[in-house]
Amino acid sequence: MHCLILYYSMTGQARKGAELAEVAARAAGWDVTSCRISMSDPADALARPMNVAASKKWTQGAQKGMVVPVAYEPAAAVAQKYDAVLLFTNTWGDNPSVPVRSFLESAEAQALLAGTPFAVYVVCRRLWEKNLSIVRALAEAAGGHFLGGEPFMHPGGQIGSLIQTVTYLYRDDGGRKRFLGFPLPRYGLSDEAVARLPAFTNEMLAKVDRH
């Protein structure tokens, strides 16, 4: 059985999740191909520290359903058929990231997902329901069969995680430790998310055996 793990990652959190999923899938006996989505135009590539204009452009673009040309690393990965696709989707605002949506509305997605079971991993700070709903709908429109989806979130409460995320994106270090004297949660997937991800992967792949 051969599965594809597909992700876009700017800060490394989706990549971390994809690596955990790959280890779990291989341990379960699957042949795994991991593929990263990237922006085709170097001018569109995002990196820390961000600026206000870029943040506004891409967050608003995600809300409006913007799509851009994307590339795949390795390029040949999306030209094959798989027994399952594990798709990581980042939340920008409350929507899928522009690169992930761009893939889902591409000809590559139509060919890759047609008749293929897929699972969705939402990598996010808090908002995930709309992201999951949109990704599921677009992947099903491409012919995929939905296995399930879950959020994998950052630690901390609503306010603390928001402050940390915003400041982290505008910095080039490990993030702010405190704000107005109050401690902030670290940036990145929570310990609970990291612990849950392999089990979720096993659950999704086990469904394929029965599909």
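**A walk through a predicted model**

Trp58 and Trp92 are both buried, where buried means under 20% relative accessible area, exposed means over 50%, and partly exposed lies in between, with a 1.4 Å probe and protein chains only. The model is predicted, so local features need pLDDT of at least 70, side-chain atom pairs count only at pLDDT 80 or more, and totals for chains, interfaces and linings use all residues. Residues are numbered from 1 along each chain as its sequence is written, and side-chain values use heavy atoms, with hydrogens and water left out.

How do the rings of Trp58 and Trp92 pair? A pair of aromatic rings is described by the distance of the centres and the angle of the planes. Rings of Phe, Tyr and Trp (its six-membered ring) pair if their centres lie within 6.5 Å; planes under 30 degrees apart count as stacked, over 60 as edge-to-face and the rest as tilted. By this rule there are 9 aromatic pairs. For Trp58 and Trp92, the centres are 6.4 Å apart and the planes stand at 70°, so this pair is edge-to-face. Trp58 belongs to helix α2 (residues 52–63) and Trp92 to strand β4 (residues 84–92), and the pair links distant parts of the chain, 34 residues apart. Helices (H or I, at least four residues) and strands (E, at least two) are DSSP runs, numbered from the N terminus.

The rings of Phe88 and Tyr121 are stacked, because their centres are 4.2 Å apart and their planes are at 15°. Since Phe88 lies in strand β4 and Tyr121 in strand β6 (residues 117–124), this pair ties together parts that are 33 residues apart in sequence. Both Phe88 and Tyr121 are buried. Together with Phe152 and Phe200, these two residues form one aromatic cluster.

Strand β4 and strand β6 return in the lining of the largest pocket, as do α1, α2 and α6 (158–169); these are the elements that give two or more residues to it. On a 1 Å grid over the protein atoms alone, a pocket is an open set of points where a 1.4 Å probe fits, with protein on both sides within 12 Å along at least five of seven lines, and lining residues have an atom within 4 Å of a point. The largest pocket has a volume of about 660 Å³, the volume being the space filled by probe spheres set on the points, which are joined across faces, edges and corners. Of its 28 lining residues, the closest to the centre are Thr91, Trp92, Gly93, Thr165 and Leu169. Helix α6 gives the most to this lining, with 4 residues.

Helix α1 (residues 13–27) includes Gln13. Gln13 is buried, with a relative accessible area of 12%. Its side chain reaches the backbone nitrogen of Leu189 at 2.9 Å. Leaving aside neighbours within four places in sequence, Gln13 is in contact (heavy atoms within 4.5 Å) with Val123, His154, Tyr187, Gly188 and Leu189.

His2 lies in strand β1 (residues 2–7) and is buried at 16% relative accessible area. Which contact joins the side chains of His2 and Thr33? The two are joined by a polar contact of 2.8 Å. A polar contact is a pair of N or O atoms within 3.5 Å; within protein, one must be able to donate a hydrogen and the other to accept it, and residues adjacent in sequence count only if both atoms are side-chain atoms.
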